[in-house]
Each structure stands twice: as C-alpha cells, then as structure tokens.
Protein chains: 2
Amino acid sequence: MAKSEAKELFKEFKIQSVSEFFRRNAAMLGYTGKVRSFTTLIHEAVTNALDACEEAGILPYVKVEIEELGKEHYKLIVEDNGPGIPEKFISHVFGKMLAGTKAHRNIQSRGQQGIGISGAVMFAQMTSGKATRVITSTGGDEIIEAWVMIDVEKNEGKVVKKIKHPNPTGWRGTRIEMEVKDVRYIRSKQGPYWYLKLTAIANPHAHIELIEPDGKLIVFPRGSEEIPKPPEEMKPHPRGVITDDLFRMAKKTRRSTVKRFLVGEFSRISSQKVSEIVKYVAALRLINGVEEEQKKKQLYERLANGEVDIILKSFGKRGKQTLRQVEKIMEKEPSKLTWHEAEEIIEAFKYIKFLAPPTSGLRPIGEENIEKGLTNILNPEFVTSLTRSPKVYRGGIPFQVEVALAFGGSLSGFDILRYANRVPLLFDAGSCVTTSAVRSVDWKRYKVDNLEDAPMVVFVNVISVHVPYTSTGKQSIASEEEIYEEIRLALMEIGRRLKKYLSGKHRKLHQVKRRRTLEKYVDEVAEALSILTEKPKEEIKPYFLGLIEKKFEAPEVEAAEGEA
Amino acid sequence: MAKSEAKELFKEFKIQSVSEFFRRNAAMLGYTGKVRSFTTLIHEAVTNALDACEEAGILPYVKVEIEELGKEHYKLIVEDNGPGIPEKFISHVFGKMLAGTKAHRNIQSRGQQGIGISGAVMFAQMTSGKATRVITSTGGDEIIEAWVMIDVEKNEGKVVKKIKHPNPTGWRGTRIEMEVKDVRYIRSKQGPYWYLKLTAIANPHAHIELIEPDGKLIVFPRGSEEIPKPPEEMKPHPRGVITDDLFRMAKKTRRSTVKRFLVGEFSRISSQKVSEIVKYVAALRLINGVEEEQKKKQLYERLANGEVDIILKSFGKRGKQTLRQVEKIMEKEPSKLTWHEAEEIIEAFKYIKFLAPPTSGLRPIGEENIEKGLTNILNPEFVTSLTRSPKVYRGGIPFQVEVALAFGGSLSGFDILRYANRVPLLFDAGSCVTTSAVRSVDWKRYKVDNLEDAPMVVFVNVISVHVPYTSTGKQSIASEEEIYEEIRLALMEIGRRLKKYLSGKHRKLHQVKRRRTLEKYVDEVAEALSILTEKPKEEIKPYFLGLIEKKFEAPEVEAAEGEA
C-alpha cells in the first residue's frame with residue numbers, strides 16, 4: 001500500500017464550532033433520553049428565569065406551559081417577570097454558546113457556563129427544525145418579539161424574524177416558546193413536574209405555575225415574600241487557587257504591582273500577609289537549595305510549624321539576600337510575574353495560615369424559608385430545618401449545608417430531595433454525597449424504625465461557588481469529606497428534633513387516652529361524691545374537670561415544644 | 001432593595017472561548033484524578049500516533065517515555081514514525097480545540113473530536129506552565145522543532161519558539177514532549193502501563209515501547225506485519241440519520257437536485273429507491289389527511305406492509321396529484337428543501353426496506369491478529385478469537401463485534417479486556433455492555449467452574465463509526481440490545497471452543513495417566529507371556545508398546561483439534 005503524504009492527509013483539516021461540537025455531543029448537556037431531555041429544557045429555562053430575577057432583585061413569577069402537538073412533539077413555553085433582555089443581546093443569549101454574564105465571575109448561581117439556554121434552543125432546532133420565539137421587554141416602551149435560530153457552523157445566533165410591539169402597560173419579563181420533538185412528558189420523579197415541585201420547595205420566594213399537556217394547571221404558590229439577596233462576587237481564597245489561576249489572573253489584572261494584585265484580588269491577603277508571603281517564599285527557596293535530604297526534611301517541618309523567622313535567620317546573610325530578592329517580586333508589574341514565581345507563591349500559600357474564606361457570597365435559602373417551602377408544597381405534619389454555618393473543603397473552597405426534614409401529614413414513603421445551589425438534582429442519586437450521608441445516619445435512633453416506609457422527606461442543599469460535581473452531568477456531588485461530615489452533623493441534629501417530636505407525640509397520645517378514660521368516670525364519681533357529701537352533682541363535676549385539665553396541661557406544652 | 005436594570009446586568013456579558021470552557025471543565029476530557037489524568041494524556045498522544053500511521057499506511061513504531069522530575073511532576077515523551085505534521089498546521093493541531101481532520105467525516109477512527117491532543121497540551125500548560133515541545137518532519141529536508149502554547153482566551157495555538165533543523169537522514173515522524181504536574185505514575189490497571197499493554201494487544205501491527213520513570217524499558221513488540229487498511233469514509237444509511245442531519249446535509253451539498261443529493265450522499269439509495277421514497281412520502285401525506293382515526297390507523301398498518309401502490313390508487317385522482325407534488329420536491333435544488341419536507345422523507349425512510357448499510361468502512365482487527373496480539377503479550381496456553389460479521393443497531397448504524405479468549409499459560413485470574421475501535425476502555429467497567437454480556441454467559445457450561453479464579457482473559461472489541469457510549473467520558477458502551485446479543489453469541493462460540501480444548505486436555509491428561517500405568521506393567525506382562533509362550537521377552541515387549549501407542553493415537557489428535 002502506498003504511503004499517503006502528510007499534506008494530503010491534512011487537506012481535510014477543518015475547524016468545528018463549539019455549537020457543532022455540542023450538537024454531536026448533546027448528551028454532555030443533559031439531552032439524553034426522552035424524559036430527561038424534557039427536564040433539561042425546563043431546567044435551563046427556569047434556571048435562567050430565577051437567576052435573572054435574583055440578580056435584579058425581583059420576586060419571581062414563572063409560568064411553564066407544555067402543549068402536546070403530536071406524538072413526542074411538544075411546545076414548551078416559559079415566561080418570567082424578570083429584568084428582560086436588551087434587544088442587542090437577544091441573539092447572543094439564545095444563539096451563541098459560551099456567551100453569558102456569569103462564567104467569568106466568581107459568584108454562586110444556578111447556571112454558570114453560558115451554554116444552558118442556547119443549548120436548549122439548539123436542541124429544539126435539532127429536533128423540530130423550528131426557531132425559538134422570544135418575547136421580552138426590559139420594561140421600556142417596547143416589547144421585542146424575536147425568532148432565534150443557531151447557525152451551528154458559526155456558533156452564531158440569528159434573529160430570523162423580529163417584530164417590535166408597543167408596551168403601554170410597561171410589561172417587563174421574558175417569554176420563550178420552543179417547539180421540540182423526541183421528548184416525552186410523564187409525571188415521573190425525573191420529569192418536569194417533579195423538577196418544578198422540587199424547585200418550588202427550594203425557592204419559596206418564587207411563584208411557579210405549570211400547565212400540563214392535558215390542560216391541568218398546577219400552582220406552586222409563593223410561600224415567602226423575602227427576596228433573596230443577589231449573589232455577590234467573591235474574591236478567591238489563596239487556598240482555593242492553583243498556579244495557573246494565579247498566573248493568568250496576574251496577566252489580566254490592571255493593578256500596578258504584584259503586591260497590590262495579591263491584596264486587591266484575593267480574599268484574606270492584607271499588606272501584612274504579603275510580608276509573610278515574602279518570608280515563606282524566601283524560606284522555601286533557601287530550603288530547596290539544601291542538599292542534605294535529612295536536613296531539608298527537618299527544615300520543611302519547621303516551616304510547617306511557622307518557624308519562618310528562625311529559618312531565615314539561620315541562613316544568615318544569604319537569608320537576608322533572598323528576602324530582598326523576593327521582596328522585589330512584590331514590586332514588579334503583575335504581568336511580569338513568571339510561572340516559577342507564581343508556583344513559589346502558591347507553594348508558600350500552603351504553609352501560611354489564612355483566615356477562612358469569607359462566606360458573605362454564599363446564599364443559603366434559610367431555615368424559615370425552607371420550612372415554608374416544605375410546608376407549602378408537601379403539607380407535612382412536622383417540619384424542621386437547619387442551616388449550618390459555612391465551612392471550607394479542600395482547604396480553601398467555602399461551602400454551606402442546609403438540611404430539613406418533613407414528617408407525616410400528606411407524606412407517604414421516604415424520599416431524599418437533593419439540591420446544589422437550590423437546583424434540584426434528579427439523576428445519579430446513587431453516587432451523590434447527599435445520598436450516602438443520609439443513608440449513613442442510623443435513623444432508628446431517632447424513632448424512625450423503618451426508613452423506607454416512613455412518611456418522611458429529607459431535604460439537603462449544598463451551597464458553594466464551586467460545587468464538586470462527580471461528573472459533567474452535574475447531577476451528583478462528590479464525596480468530599482468535609483461536605484459529608486457537615487451533612488451528617490446537620491442530619492443528626494434534625495434527627496434529634498424529630499425524635500423529640502415523635503416522643504412528645506407518643507406521650508401526648510398516651511395522655512389523651514388517659515384523660516378520656518378519666519373523663520368517662522367523671523359523671524359516676526361526681527354522682528357518688530354528691531351522695532356522700534350531699535352537695536349537688538353540678539357543683540362537683542366542674543371541679544373534677546378542672547382537676548383533669550390541670551393535670552394534663554404541662555405535658556401538652558412539652559409536646560408542643562417539639563414542634564418549635 | 002432597588003431593582004437592577006437589565007442593561008446594567010448585561011454590562012458583564014462576555015464570550016468565553018472553547019478552551020476556556022474546557023479549562024474549567026477538564027474532567028469532561030478525562031482529566032480527573034492523578035492516575036487517570038496521566039492515562040488520558042498518554043491515550044491522546046498514542047491515539048493520535050496510531051491514527052496518523054493508519055491513515056498514511058505506515059506500520060507504527062511508538063515510543064513512550066516517562067521521566068519523573070519531582071513529586072507528581074513528570075515529563076512525558078511520545079514519539080512516532082507517522083506521516084508528520086506540515087509546519088503550518090502545528091499550532092492548529094496542538095493549540096486549537098475543535099480543529100482536526102476527522103470530526104466532519106463519517107469514518108471509524110480512534111480519536112474524533114479534534115480536542116484530544118490540544119486538551120493534553122492545555123492540561124500540561126495548566127499544571128506546569130510549560131509549552132509542549134513538538135519535533136516533527138514529513139520526511140522532507142527539514143525537521144521542525146516548535147514549542148506550542150494555547151492562548152486559552154482566544155482558543156488559538158501560539159508557537160512561542162521555533163527552530164528548523166536539517167534532515168539529512170530523511171527522518172519522518174512526530175515527537176511530543178510535555179511537562180505535567182499533579183499526576184501520578186503507578187502500575188495499576190488504570191494506569192499508563194496497563195493502557196499501553198492493552199493497546200499493544202489490540203494493535204499487533206504496532207511496536208510500542210515504554211520507558212518507565214525508574215528507567216525500566218518495556219517492549220510490546222510487533223506481532224504482525226500487516227498494515228490495517230486505512231479507514232474509509234462511509235456515506236450515512238437512511239436509517240441512521242435524523243431530520244436535522246438530512247436538512248443540514250441538503251443545505252451544504254453541491255448536487256443540483258434533491259434526487260441527486262439523496263442518491264449521491266446516502267448509502268443504499270438508488271434512483272429506483274427515490275421513486276419508492278416519492279410514493280411513500282405521497283402516501284404518508286394522504287394518510288395524514290384522513291380524519292377518521294380508525295381508518296388512518298388501518299392505512300398506516302397497510303403502508304407498513306408495503307401496500308403503498310394500493311393505497312395511492314385508493315385515493316384516485318388525489319393520489320396522482322399528490323404523487324406529482326412530491327415528485328417536484330425531488331427536482332428542487334437541495335438547499336430549497338424545507339424542514340417539513342425533510343421530515344416527511346425521514347418518516348418515509350422508516351417504512352421503506354433498505355439493504356443493510358455497507359460495512360466496508362468497518363475495520364476489525366481480525367481473528368489472526370487478535371490471537372497474535374494476545375499470544376505475544378500475554379503468553380497464554382490456549383487462545384481463540386472470533387470476528388462476527390457486521391450487524392446494525394438502532395435500525396441503521398453498522399457495528400461489528402470481535403471477541404477472543406486466552407486461557408492458562410502465564411495468566412492468573414480472570415480479566416475482561418474492553419475495547420471500542422481498538423481503544424482500551426479502562427474506566428466505568430460496571431456500566432459497559434461488554435461487562436454485562438461477559439457476565440451473562442454461564443461459563444460453567446464451558447468448563448470454567450470458578451470464573452473469578454480462572455486463568456482466563458476475555459477480549460471484546462466493539463467497532464463502529466458511532467460507538468454508543470454511555471457518557472461523555474467515552475469509557476463504557478451503552479447496552480444496545482443488538483450489540484449485547486452479538487457479544488453474547490460470539491462469547492458462546494468461543495466458550496464452546498474453550499470447552500472442547502479443556503475436555504481434550506482433561507481426556508489427554510487422563511489418558512497420559514492410563515498409558516503410564518499400562519506402560520508400567522509392560523515389563524511384567526511381557527515376562528509372564530514370555531514364560532507362557534516361550535518366546536523371548538524382547539520380542540513381546542515392542543508389540544505391547546505398539547498396541548498402547550495405537551490405542552492412544554486417536555484421542556491425542558482430537559485433543560489437538562481444540563487448539564486449531
């Protein structure tokens with residue numbers, strides 16, 4: 001066989017667009033299976049709506065409507081009362097992948113990559129051939145109606161038709177209509193209905209409506225009027241970055257020196273901390289130069305113990321020289337920071353004690369809101385929730401855990417409701433840290449004898465700017481030890497509350513029985529006493545009833561406490 | 001709280017590059033965990049080398065060298081004797097994601113997306129900050145030495161340093177050197193050593209060498225001189241496309257009519273077939289117009305039975321009119337084909353009988369080669385393999401299954417070697433159809449009593465232009481029923497061969513024992529007979545030995561057959 005020449009082989013060389021790539025790999029975006037694909041579409045649209053409302057400080061009102069047009073053929077309409085989309089961004093938002101306002105900011109939000117909604121537009125286009133109809137207004141004079149398609153080859157949005165309408169009522173919001181095929185609407189636990197129900201529980205400030213294909217209207221009403229605080233951009237913590245992050249940030253910053261860059265763009269780095277960084281970098285340089293392995297090891301250990309000054313001193317003049325060299329790095333322009341220097345700084349970060357990262361950017365739902373959400377949507381007999389204080393995993397990434405428990409009432413059977421940053425996780429439950437943490441708790445200790453049959457729902461929300469997902473589908477959270485432990489601790493606490501409630505309930509039940517028994521005999525006893533004391537029965541009876549009343553007063557209060 | 005205006009929120013709107021995206025989502029490309037990340041790097045480099053050699057018709061000689069530079073810090077060198085890379089493509093091949101020669105062609109190859117090797121370059125850069133050194137020549141006068149980095153923000157390759165060397169010996173090939181951190185070299189079943197070993201088994205035409213960090217040289221020598229046929233571009237089969245494929249192909253084609261487009265760009269569509277398509281599209285249009293549900297259903301059933309002519313006739317004049325309308329579609333310019341028409345054609349495809357897709361593009365390894373590979377690398381006592389004929393899954397996607405079995409010899413314990421298009425699959429074994437098919441076989445029937453302890457290796461290679469992976473990691477194959485069944489059938493066949501071999505071996509063993517027993521008594525019997533017959537013992541003995549020889553002749557042949 002003749003060998004082909006390289007230049008001939010490279011004739012076929014072409015560049016694909018990112019849309020083309022995801023068209024071939026739609027499963028990467030969650031479009032896999034007819035039911036899951038539908039849920040993914042709704043997830044993308046609703047996530048966008050809720051995020052937009054949150055950023056703009058608006059109480060969300062989200063309407064989802066699903067029309068069945070044929071076999072596995074639907075129209076999906078999602079409308080919100082969010083801030084709307086300025087005309088010039090419409091084609092980008094819906095038609096260009098990897099374009100958005102969030103990916104480059106260090107904020108906690110539901111969506112992140114700038115792929116979600118354009119992925120949905122592409123999926124609709126791929127299956128039905130139809131453009132997505134967008135109706136939006138930022139509340140000004142106009143309502144824009146635009147049909148958007150994606151030019152897959154170019155990864156460009158194309159507005160194929162546009163109409164401007166007057167906006168006399170000052171309507172503000174966004175309405176998306178997409179036609180899709182090869183999807184199926186069913187009311188399973190992985191379908192749209194369940195997804196929206198779980199979303200409503202975790203977002204009690206949102207009013208969510210669903211019109212199902214058969215015309216049935218389901219309302220998940222707002223349970224709280226409190227608008228969540230908009231997400232806040234967080235500066236990265238020194239322990240949460242790798243060399244490449246530091247290096248690239250240094251190339252992009254506008255600060256004039258490395259020192260200003262470190263102080264200005266990281267959390268927990270003060271001017272004083274920079275002096276400490278200088279000392280540690282110098283010490284590490286000196287230690288790395290030591291030839292004798294045993295001594296080197298000892299020095300590292302001492303550095304880990306914080307003896308940086310002593311170490312520097314022990315190197316005498318060379319110590320001082322090195323310190324001065326490193327000081328010069330801090331006065332350089334950040335763009336001149338070398339990879340090696342960035343590496344040294346990152347290495348020093350590992351030895352330095354920093355305050356835990358600030359957690360002001362974390363946005364828990366809040367205990368009261370979760371309880372409102374659960375009560376509102378599930379109507380249980382008992383509900384309790386716990387928001388733990390923020391913690392850190394992998395040394396520098398802040399996260400926070402919220403759990404809740406609903407018991408009895410309209411509930412039947414056991415369920416775990418899993419969330420990451422308020423977004424319901426419906427798939428891959430088996431590999432999720434929330435599942436393993438919930439399963440690891442010995443529920444029998446909390447009076448739940450048969451977990452699977454218990455009328456109980458456990459709610460877990462993991463909050464972080466960087467949720468450690470196990471896979472690209474973002475449907476399960478990795479078993480980071482700190483996260484696992486936090487969930488367990490929280491669950492044990494609410495388990496104790498449940499136990500108290502159930503104990504109270506048992507005692508109360510027992511006492512109600514005794515009281516009824518006593519009350520049954522009041523008449524007879526009153527009559528007997530009336531004969532003995534010769535007082536009228538009508539006087540004696542209220543006295544006895546008062547006595548019984550008094551006796552059962554205290555325990556009732558105690559039982560009620562369990563519900564507090 | 002004040003509501004934020006939309007235009008303010010959109011101030012932050014930015015466009016990410018695809019490199020930026022994969023930098024944040026390196027796990028999508030297989031860079032997850034220190035061991036797996038290393039394997040992924042090697043996989044990308046070796047896959048590129050083998051694919052390039054195959055396309056160029058070269059017997060591959062691949063050298064992999066791993067140097068340990070520090071803790072979790074390595075240099076990886078991969079050199080091949082492939083066709084080389086023309087100078088002007090170097091920055092694209094190594095520095096630009098989604099650029100390559102394969103993604104847009106319908107061919108069977110190891111790599112496909114044009115992300116692999118640039119992803120590796122990015123991972124190296126992200127962890128070590130270093131450029132990848134590429135030394136390549138297409139065999140001409142020059143050797144190009146280039147250091148490539150990725151401009152992540154722009155998704156552009158940058159050659160940061162370039163040197164041209166003379167090439168007096170006419171060397172041809174490519175050598176890549178990358179420095180990486182945060183990876184770990186271990187000799188586990190998910191590490192580089194095992195990956196290369198499995199690659200060598202499935203590619204006996206390749207010579208593969210590995211120098212481990214401790215300097216140990218491991219050679220997987222070439223076992224076959226047969227150069228595999230270069231992959232062939234395959235036209236899609238009508239049953240393997242969706243509306244969006246047809247629609248987009250029609251927009252891009254240069255053919256003058258829809259008819260020519262269908263005949264020219266699909267397999268199994270002849271001019272005659274186009275007339276059939278016209279009839280079916282017309283019939284479907286007519287049936288769709290029928291109001292009465294019962295009648296409609298009947299007509300669909302009759303159409304599925306192939307009664308298209310009768311149906312058209314039954315509509316009389318309208319039938320003829322519709323037929324003429326549809327005929328006009330076939331004479332249109334393809335770019336004018338509407339989505340709806342494309343949809344109708346795809347719908348008609350489902351009713352029409354097509355020949356199975358051509359399978360000339362499928363490239364099995366071949367029975368002889370697999371056996372060479374297994375013998376060469378594993379040194380078993382018995383080996384057998386089976387390449388099944390091509391089949392189709394999901395109605396139109398051709399695939400082919402190869403299985404092999406190695407038993408005894410140097411083997412200890414049971415293993416499944418999984419491959420897709422000759423590429424070893426090391427992860428997610430649990431969810432792979434190959435695993436479930438192998439486990440579903442009742443190996444006891446084939447004389448393997450205790451599978452887990454059997455000195456046995458089962459090899460499975462699934463070949464297809466579109467391997468149905470379960471997830472984006474491309475490490476496990478979905479349980480498509482046809483694929484599952486093909487693997488099972490093949491395994492049962494080689495199971496029977498194993499049984500025959502083991503039976504023969506048992507019988508042979510048994511007979512060797514009996515023969516030895518008989519031979520032990522030859523002396524005594526000969527002596528006794530010598531006394532009785534008064535003939536010399538020396539005459540009688542050879543006669544007896546001959547008798548024994550004869551008796552055990554046949555079974556030995558039979559036993560040997562099992563090995564054929």
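Which residue's side chain meets that of A:K350 in a salt bridge? I looked it up in this predicted model. The partner is A:E347, with N to O at 3.5 Å.

**Entry 1, chain A helix pair.** I checked where the two residues sit. A:K350 and A:E347 both belong to helix α13 (residues 339-351) of chain A. They are three residues apart there, so about one helical turn separates them. I then looked at accessibility. A:K350 is exposed, at 54% relative accessible area. A:E347 is partly exposed, at 30%.

I found a salt bridge between B:K164 and B:E87, with the closest N and O atoms 3.0 Å apart. B:K164 is in strand β7 (residues 156-166) of chain B, and B:E87 is in the loop between β3 (73-80) and α4 (90-95), so the pair ties together parts 77 residues apart in sequence. I noted B:K164 as partly exposed, at 43% relative accessibility. B:E87 is also partly exposed, at 28%.

I turned to B:R285 and B:E344. Their salt bridge has its closest N and O atoms 2.7 Å apart. B:R285 lies in helix α9 (residues 271-289) and B:E344 in helix α13 (residues 339-351), both of chain B, so this pair ties together parts 59 residues apart in sequence. B:R285 is partly exposed, with a relative accessible area of 26%. B:E344 counts as buried, at 12%.

I traced a salt-bridge network in chain A. It links A:K75, A:E79, A:R133, A:E145, A:R175 and A:E177.

Methods. Residues are numbered from 1 along each chain as its sequence is written. Chains are lettered from A and ligands numbered from 1 in the order in which they are written. This is a predicted model: local features need pLDDT of at least 70, side-chain atom pairs count only at pLDDT 80 or more; totals for chains, interfaces and linings use all residues. Side-chain values use heavy atoms; hydrogens and water are left out. A salt bridge is a side-chain nitrogen of Lys or Arg within 4 Å of a carboxyl oxygen of Asp or Glu. Helices (H or I, at least four residues) and strands (E, at least two) are DSSP runs, numbered from the N terminus. Buried means under 20% relative accessible area, exposed over 50%, partly exposed in between (1.4 Å probe, protein chains only).
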